[in-house]
Amino acid sequence: MSEEHLHAPTGAYALDALPPDEREAFERHLRECPACAQEVRGLTATAARLGTAVAAAPPPALRARVLDGIRTVRQLPPHVPPSVPGRAPGRRRALPRLVLAACVAAAAAFGGVAVWQYQEARQAEVRAEGAQRRAAELARVLAAPDARTATGTLGGGARATVVVSRAEDRAVFLASGLPELPEGRAYQLWFADGDRMRPAGLVRDDATVMDGRVAGATGMGVTVEPSGGSPRPTTEPLAVMTLPS
């Protein structure tokens, strides 16, 4: 390796892209060149951050594309001022084109994947947090010392139970045997505040914590509504049940 190119392989070394003989020669150089050693540490840390930022497997053709790009891009020798013999520590040098090509290829291939994966992970995290919160609310109502139940039928052999805790001011709706609805339709729960029906959420599981507080409600009902729910009932109730006191 000539003196002119002695400092150039920092990027290739950081990416573990040097053949064994050139790697050994460059490692000997690193022991005597603090500036190259410092640059290798920075490039290695950057490569590690890029790697941990994307947990998705790269496309099978990515490696071939990167290697093809490397073979067709010629590295530039470092810029050495004429007045300075050799290479002074800390002197700025042109970034090897190998690193630039690899970074550009990685950014192009992984940028969209990273954003997509972050969004998917965040949505999964939100769903998990919601499920944990609902499970805790469900447990508090069912385990409340003052929990009381009422049961009824929904037609077609389906049965429903509502569990009310006045101390928790919440209610849980449990159903079994509910027929599957066509796409775009959903079972919606309601609190009956006298003659007024108040939305209480959609039935999404066999056990559903009803939205809103029990206070003031004397009964509850179940209707079939559009999948997003309705502000007021649009169909006849499948069942209307008096809430236990």
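Colleague: What's the average pLDDT of the protein chain?

Modeller: The average is 75, and 60% of the residues score at least 70. pLDDT is the predictor's confidence in each residue, from 0 to 100.

Colleague: Where does pLDDT stay under 50?

Modeller: Over residues 90-95, for which the model has 13 contacts beyond four places in sequence (a contact means heavy atoms within 4.5 Å). Where pLDDT is low, the predicted coordinates should not be read in detail.

Colleague: Back to S1 and S2. How many bridges join them?

Modeller: Seven, and the two strands run antiparallel. One example is threonine 151, whose bridge partner in S2 is threonine 161. Two strands count as paired if DSSP finds at least two bridges between them.

Colleague: What's the strand order in their sheet?

Modeller: S1-S2-S3-S6, an open sheet of four strands with antiparallel pairing. S1 (148-155) and S6 are at the edges with a single partner strand each, so one side of each has no neighbour in the sheet. The twist averages 20 degrees from one strand to the next, using axes that are lines fitted to C-alpha atoms (for helices, over the stretch in contact) and angles from 0 to 180 degrees between N-to-C directions.

Colleague: Which residue has a positive phi although it is not a glycine?

Modeller: Aspartate 169, at about 60 degrees. Aspartate 169 is in the loop between S2 and strand S3 (170-176).

Colleague: And what order do the strands of the S5 sheet have?

Modeller: That open sheet of four strands goes S5-S4-S7-S8, with antiparallel pairing. S5 and S8 (239-242) are its edge strands, each pairing on one side only.

Colleague: What joins S4 to S5?

Modeller: Five bridges, with the strands antiparallel. Tryptophan 190 has proline 199 in S5 as its bridge partner, and phenylalanine 191 stands opposite arginine 198 in S5. In the hairpin of S4 and S5, glycine 194 takes a positive phi near 70 degrees.

Colleague: Switching topic: which residues lie nearest the centre of the second largest pocket?

Modeller: Arg134, Arg204, Thr208, Val209 and Asp211, out of 14 lining residues. H5 gives the most to that lining, with five residues.

Colleague: How do the lining residues divide?

Modeller: Six nonpolar, two polar and six charged. Here Ala, Val, Leu, Ile, Met, Phe, Trp, Tyr, Cys and Pro count as nonpolar, Asp, Glu, Lys and Arg as charged, and the others, Gly among them, as polar.

Colleague: What counts as a pocket, though?

Modeller: On a 1 Å grid over the protein atoms alone, with a 1.4 Å probe, a pocket is an open set of points with protein on both sides within 12 Å along at least five of seven lines, and lining residues have an atom within 4 Å of a point.

Technical notes:
Residues are numbered from 1 along each chain as its sequence is written. This is a predicted model: local features need pLDDT of at least 70, side-chain atom pairs count only at pLDDT 80 or more; totals for chains, interfaces and linings use all residues. Side-chain values use heavy atoms; hydrogens and water are left out.
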